[in-house]
Amino acid sequence: TLRKPISQSSMADWASKNLNMHTQGIFRRRISISNMLSWNGGSIKKPMLITSNRTIKKEACEMFKLVQSYMGDRQTRMDRNHVALVTVTKCWSMQGLRDELYIQLIRQTTDNTCYRSLAWGWELMAISLAFFSPSPKFQSYLEGYIYRHLDSDENIAQRIKELVDLKNKKNSKSRKKRKQNTEDEGLPISTYAKYCYRKLQKVAVTGGKKGLRKPTVEEITHARNAIVTPSLFGSSLEEIMLRQQDMYPGNKLPWVQTQLSQQVLALGGEQTEGIFRIPGDIDEVNALKLQVDQWRIPSGLSDPNVPASLLKLWYRELEEPVIPQQFYKECISNYENPDAAVAVVQLLPELNRLVLCYLIHFLQIFAQPSNVGRTKMDVNNLAMVMAPNCLRCQSDDPRIIFENTRKEMSFLRMLIVHLDTSFIKGLV
């Protein structure tokens with residue numbers, strides 16, 4: 001379900017308060033908001049958004065050229081992958097540039113008469129959302145803009161035609177040029193918008209790429225491919241199973257879940273103190289995530305905390321939690337009743353039930369007394385670190401969240417202690 005975004009009037013009000021109004025001509029007349037937020041073939045001399053930071057002011061103008069280069073509206077010697085890498089790295093390293101990039105992309109994808117340029121602008125927005133979120137202040141504006149393009153393909157085609165016809169009346173152009181502008185290339189804009197909308201919801205919570213290592217070309221390519229090919233991270237269980245159908249048609253469980261779980265055990269995770277509590281090196285986790293999403297498990301892993309951290313991330317980033325939202329109330333209502341807690345599991349959709357039972361079976365290995373002596377992670381600790389990855393409280397009230405956190409942990413503890421998962425052995 002999609003949240004209703006802010007209204008058009010609220011977006012206009014936000015723009016009037018935050019846009020750094022530009023001027024033109026010898027009399028320095030102010031450009032209207034609609035022109036400020038329409039495609040521009042020239043350069044800009046100051047940022048789109050109001051800022052007092054000198055570095056941001058300078059970088060914003062250079063970044064606009066990079067946006068134009070990526071969209072094919074400005075000539076450059078760099079290939080598009082490298083242009084994207086430079087752009088994303090600037091914003092990833094400099095938080096003050098992030099909203100500026102998104103507002104520049106909004107401008108360059110509004111009233112753009114070249115479909116290819118338009119699609120590449122949306123593509124750069126999708127790639128950027130894989131690395132960083134807009135500020136909370138700007139998020140609702142960006143969300144409103146994306147929302148209005150979820151089912152807009154016919155409107156966009158009609159708008160391009162109107163703008164091209166208007167331009168052709170002013171300046172006579174060759175047929176070849178007109179055809180180039182109106183010809184559809186690449187994916188429908190709604191495909192990019194739907195991906196960006198989902199990605200924005202996630203990155204607003206997760207905060208994007210973490211760690212010290214700067215973005216890489218491989219990560220840029222991976223972010224672009226994820227627009228069409230759902231990632232093993234952040235997708236729904238159904239999408240993940242559909243994606244692995246060609247490679248592992250007989251598997252009843254997600255390959256990523258079983259492989260990472262087995263890696264934790266293969267590296268001696270059940271004998272590692274603080275497993276699941278102590279995070280793995282974030283850059284190593286990011287690198288492993290990239291490889292796992294390409295169906296590869298590297299042979300050089302040595303720290304079980306790395307696959308353990310990535311496994312927790314996989315559960316946490318699922319589009320819908322392992323225990324779907326409609327069962328949440330039953331879970332926290334039965335957090336002290338073993339039979340009722342086990343009964344909830346039997347009500348889950350088959351795929352969710354298998355995935356959850358595999359996880360509980362996995363945690364039951366760590367809950368064995370012989371392992372707890374080494375890991376210092378008893379059943380209470382295991383439930384504490386894993387419950388947030390399986391259940392999601394929808395309330396914004398801190399008191400409810402705090403109270404439910406305790407119940408979520410208790411519910412998962414009931415499953416670790418009482419759920420019979422013997423049938424999972426040998427299931428892949």
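Lys376 sits in the loop that links helix H19 (369-375) and helix H20 (379-390), with helices taken as DSSP runs of H or I at least four residues long, strands as runs of E at least two long, and both numbered from the N terminus. This is a predicted model, so to speak of local features a pLDDT of at least 70 is needed, side-chain atom pairs count only at pLDDT 80 or more, and totals for chains, interfaces and linings use all residues. Residues are numbered from 1 along each chain as its sequence is written, and side-chain values use heavy atoms, with hydrogens and water left out.

Phi of Lys376 is near 60 degrees, a positive value in a residue other than glycine. Most residues other than glycine have a negative phi. The relative accessibility of Lys376 is 47%, which counts as partly exposed (buried is under 20% relative accessible area, exposed over 50%, partly exposed in between, with a 1.4 Å probe and protein chains only). Once neighbours within four places in sequence are set aside, Lys376 is in contact with Glu273 and Asn381, contact being heavy atoms within 4.5 Å. Thr272 is 104 residues away from Lys376 along the chain, yet their C-alpha atoms are separated by 8.7 Å.

Trp295 also has a positive phi, about 65 degrees, although it is not a glycine. Its place is the loop between H14 and H15, and Trp295 is buried, at a relative accessible area of 15%.

H10 gives the largest share, nine residues. The volume of this pocket is about 1100 Å³, that is, the space filled by probe spheres set on grid points joined across faces, edges and corners. A pocket here is an open set of points on a 1 Å grid over the protein atoms alone, where a 1.4 Å probe fits, with protein on both sides within 12 Å along at least five of seven lines; lining residues have an atom within 4 Å of a point. Of the 46 lining residues, Ala130, Lys199, Phe233, Lys289 and Glu317 are the closest to the pocket centre.

At the other end of the numbering, Met11 belongs to helix H1 (residues 8-18) and is buried, with a relative accessible area of 6%. Beyond its neighbours within four places in sequence, Met11 is in contact with Ile6, Tyr141, Gly144, Tyr145 and Arg148.

Of its 428 residues, 50% are buried. Among contacts with a separation of 6 or more, 78% join residues 24 or more positions apart.
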